[in-house]
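Hi,

Here is the structure I promised to pass on.

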Amino acid sequence: MPTPKRGARLAGGPAQQKSLLRNQAKDLFRHGRITTTHAKAKALRPYAERLITKARTGDLHKRRQVLSELHDRDVVAHLFDEVAPRFADRPGGYTRIVKLGPRAGDNAPMALIELVDRGDGTGDESIETSKANRSRGLFGRRRKNVNADVVDSSDE
């Protein structure tokens with residue numbers, strides 16, 4: 001087990017920092033870019049690039065490792081199917097950080113972190129279609145269309 005990072009953290013404790021990085025990585029893969037503070041963007045960059053490197057191989061073991069990190073099956077499918085093939089011939093440097101001005105409320109330095117090759121659209125459309133295709137109910141059976149079986153009893 002690696003020793004935890006010493007010093008100040010981005011959140012209250014190690015579990016909160018891990019959760020924060022996990023949620024920001026999911027949003028980064030889903031939208032292609034996110035705006036956050038500069039310190040959070042610098043912490044997110046190696047975490048996200050490690051996940052993309054694992055996704056480039058595309059085997060089942062790496063998919064399960066990434067799924068154990070992100071806990072979102074749809075984002076992992078989007079990462080392996082659409083994001084990672086765009087970086088197949090790139091040896092590293094999948095993200096870029098662009099500094100923005102300070103935040104209005106507390107003057108915190110803001111930054112934009114984005115995937116270098118964002119592609120045509122965002123991942124929201126492909127994630128929603130994969131959710132629609134995977135509309136399985138309890139025990140893995142497909143759900144029946146409830147509205148198709150309803151008979152109008154007002155005609156009788």
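**What I found**

Starting at the N terminus, the elements of the protein chain come in the order α-β-α-α-α-β-β-α. That gives five helices and three strands. Both kinds are DSSP runs, numbered from the N terminus: helices are H or I with at least four residues, and strands are E with at least two.

Before you go further, note that this is a predicted model, where local features need pLDDT of at least 70, side-chain atom pairs count only at pLDDT 80 or more, and totals for chains, interfaces and linings use all residues. Residues are numbered from 1 along each chain as its sequence is written, and side-chain values use heavy atoms, with hydrogens and water left out.

**The chain as a whole**

Of the 156 residues in the protein chain, 30% are buried. Buried means under 20% relative accessible area, exposed means over 50%, and partly exposed is in between (1.4 Å probe, protein chains only). Among contacts with a separation of 6 or more, 57% are between residues 24 or more positions apart. A contact here means heavy atoms within 4.5 Å.

**The core**

In soluble globular proteins, nonpolar side chains tend to be buried together. A nonpolar core is a set of buried Ala, Val, Leu, Ile, Met, Phe, Trp, Tyr and Cys residues joined through side-chain atoms within 4.5 Å. The largest one in this model has 26 residues, and Phe29, Leu44 and Leu70 touch the most other members. At least two residues of this core come from each of α1 (14-31), α2, α3, α4 (73-86) and β3 (109-115). The biggest share is from α2, with seven residues.

Take a closer look at leucine 44: leaving out residues up to four places away in sequence, Leu44 touches Leu21, Gln24, Ala25, Leu28, Ile34 and Ile113.

**Two helix pairs**

How do α2 and α3 cross? The axes of helix α2 (residues 38-57) and helix α3 (residues 60-70) come within 8 Å and cross at roughly 150°. Axes are lines fitted to C-alpha atoms, for helices over the stretch in contact, and angles run from 0 to 180 degrees between N-to-C directions. The two helices are therefore roughly antiparallel. As for the cut-offs, angles under 35 degrees count as roughly parallel, over 145 as roughly antiparallel, 65 to 115 as roughly perpendicular, and the rest as oblique. On the α2 side the contact is made by Tyr47, Leu51, Lys54 and Thr57, and on the α3 side by Lys62, Gln65, Val66, Glu69 and Leu70. These residues split into four nonpolar, two polar and three charged. For those classes, Ala, Val, Leu, Ile, Met, Phe, Trp, Tyr, Cys and Pro count as nonpolar, Asp, Glu, Lys and Arg as charged, and the others, Gly among them, as polar.

Now for α1 and α4: their axes come within 10 Å and cross at roughly 45°, so α1 is oblique to α4. Here α1 brings Lys26, Phe29 and Arg30 to the contact, and α4 brings Val75, His78, Leu79 and Val83. By class, that contact has four nonpolar, one polar and two charged residues.

Is glutamate 114 buried or exposed? Glutamate 114 is found in strand β3 and counts as buried, at 6% relative accessibility. Apart from neighbours within four places in sequence, glutamate 114 is in contact with Leu28, Gly32, Arg33, Tyr94, Thr95 and Arg96. The C-alpha atoms of glutamate 114 and tyrosine 94 are separated by 8.5 Å, and the two residues are 20 residues apart along the chain.

Most residues other than glycine have a negative phi. Histidine 71, in the loop between α3 and α4, has a positive phi near 60°. Histidine 71 counts as exposed, at 52% relative accessibility. Asparagine 107 also has a positive phi, about 65°, and belongs to the loop between β2 (95-102) and β3. With a relative accessible area of 54%, asparagine 107 is exposed.

Cheers
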